[in-house]
Amino acid sequence: MARNDLKLLGAWPSPYVMRTRIALNIKSLAYDFLEEQFGTKSELLLKSNPIYKKIPVLIHDGKPICESLIIVQYIDENWTNFGHSILPSHPYDRAIARFWASYIDEKWFPALRGVAATQEENAKKAATETVIEGLVLLEDVFKNCSKGKKFFGGDKIGYLDIALGCFLGWLKVNEKLNNVNLLDESRTPGLYKWAEDFCGDSAVKDVMPETDKLAQAAKVIWAKIRAQASS
């Protein structure tokens, strides 16, 4: 791996941190992973991201870059001669990828989080339906973007693959803990096969948490979130 002065502030269960780690793996960039604990914020994190005070933060040569998708773009643009391009080459394709990445973050993942976070049955059912509807929608997006290839980005993992794929571990945890079938092969066959290919890719395998380990972490995280919401 290429040596750079790179440090990543993050936590292993975070899907947003996973985005950065996948991008770094694609570019074969070595980095120091500085683990943050859930519920606490280190002095370095507060100094590096004083506005949002959130992970991930990539520190390159002492300069912090914040927000997961911005970090992915930075990595792709700064190390153009390493690995393959993450963002599409054509401006229109880049715009489409960014549009759907925003949809995933702003509409789809909040619904997935709602499946776990809410205890009220009607709210849980509504969130589950929204997640499934979103996956059906993303099935069509996958067909259009992949053009018959393995990934949204074509033959290799791209920007939109990272944007959605980072949530696959949490999708599996929701299925396991809530006894629901979200990513269904009969309903979304393209996405189902894509998920298998994504999780099996060399850039992903070593940073994708095991479902059982992530489920244990999720129980603790969700319990704290519920306690905060009710206080």
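User: Where does S28 lie, and what counts as a helix or a strand here?

Analyst: S28 sits in the loop between helix 1 and strand 2 (32-35). Helices (H or I, at least four residues) and strands (E, at least two) are DSSP runs, numbered from the N terminus. This is a predicted model, numbered from 1 along each chain as its sequence is written. Local features need pLDDT of at least 70 and side-chain atom pairs count only at pLDDT 80 or more, while totals for chains, interfaces and linings use all residues, and side-chain values use heavy atoms, with hydrogens and water left out.

User: Why is S28 called partly exposed?

Analyst: Its relative accessible area is 35%. Buried means under 20%, exposed over 50%, and partly exposed in between (1.4 Å probe, protein chains only), so S28 belongs to the in-between class. S28 also has a positive phi, near 55 degrees, in a residue other than glycine.

User: What makes K147 exposed?

Analyst: K147 has a relative accessible area of 62%, so it passes the mark for exposed. This lysine is in the loop between helix 5 and helix 6, and phi is positive there too, about 55 degrees, although K147 is not a glycine.

User: How do you know whether K27 is buried or exposed?

Analyst: K27 has a relative accessible area of 0%, and therefore counts as buried. K27 is in the loop between helix 1 and strand 2.

User: Which polar contact does the side chain of K27 make with another side chain, and why does it count as one?

Analyst: The partner is the side chain of D76, at 3.1 Å. A polar contact is a pair of N or O atoms within 3.5 Å; within protein, one must be able to donate a hydrogen and the other to accept it, and residues adjacent in sequence count only if both atoms are side-chain atoms, so the K27 pair with D76 qualifies. A polar atom of the K27 side chain also lies 3.0 Å from the backbone oxygen of F82. Leaving out residues up to four places away in sequence, K27 touches several others (heavy atoms within 4.5 Å), including W79, H84 and I86.

User: What makes a space a pocket, and what volume does the largest pocket have?

Analyst: On a 1 Å grid over the protein atoms alone, a pocket is an open set of points with protein on both sides within 12 Å along at least five of seven lines, whereas a cavity is a set where a 1.4 Å probe fits but cannot get out. The volume is the space filled by probe spheres set on the points, which are joined across faces, edges and corners. For the largest pocket that gives about 1200 Å³. Its lining has 37 residues (an atom within 4 Å of a point), and S14, Y16, F38, K54 and I55 are closest to the centre. Helix 9 supplies the largest share, six residues.

User: How many lining residues of the largest pocket are nonpolar, and what counts as such?

Analyst: There are 20 nonpolar, seven polar and ten charged residues. Ala, Val, Leu, Ile, Met, Phe, Trp, Tyr, Cys and Pro count as nonpolar, Asp, Glu, Lys and Arg as charged, and the others, Gly among them, as polar.

User: What makes the peptide bond from I55 to P56 stand out?

Analyst: That bond is cis, with omega near 5 degrees. P56 is in the loop between helix 2 (43-48) and strand 3 (57-60).
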